[in-house]
Amino acid sequence: MIEASWRERVLNTEDALKAAHAEIANQRERITELLGQIVELQQDWTDADVVRITTANVALRLGISALTNDNERLSKRLTAARDNARFSASRCRSA
């Protein structure tokens, strides 16, 4: 009985190992295909395209930074407003 369970475990492990190797091979093949697509895309871009995309990227990053700052500022204001509301509520109850 114990030998049978060990045998099953070994067979299951071997099957899992074969499946893992097959998956790794598939992923490597997919990575190779994607890298080839990237190379093809890079060759088709003109200098103007690169400048346009870079400029758009910078603008988006600046927008993200501004939105992040606004979010932080508004979060602080919200926290302060909640604190004021709690303070006012506690004063009303104690009066």
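The model is predicted, so local features need pLDDT of at least 70 and side-chain atom pairs count only at pLDDT 80 or more, while totals for chains, interfaces and linings use all residues. Residues are numbered from 1 along each chain as its sequence is written, and side-chain values use heavy atoms, leaving out hydrogens and water.

Let's look at the overall form. The secondary structure comes to two helices and zero strands; helices (H or I, at least four residues) and strands (E, at least two) are DSSP runs, numbered from the N terminus. The chain is more spread out than a compact globule, because its radius of gyration is 30 Å, well over the 12 Å that the globule rule gives for 95 residues. That radius is taken over C-alpha atoms, and the rule is 2.2 Å times the number of residues to the power 0.38. Along its principal axes, the C-alpha trace spans about 80 × 65 × 10 Å.

Now meet two residues:

| Residue | Relative accessibility | Class |
|---|---|---|
| W45 | 44% | partly exposed |
| L11 | 44% | partly exposed |

W45 sits in the loop between α1 (2-44) and α2 (47-94), whereas L11 belongs to helix α1.

Technical notes: Buried < 20%, exposed > 50% of the residue type's maximum accessible area, 1.4 Å probe, protein only.
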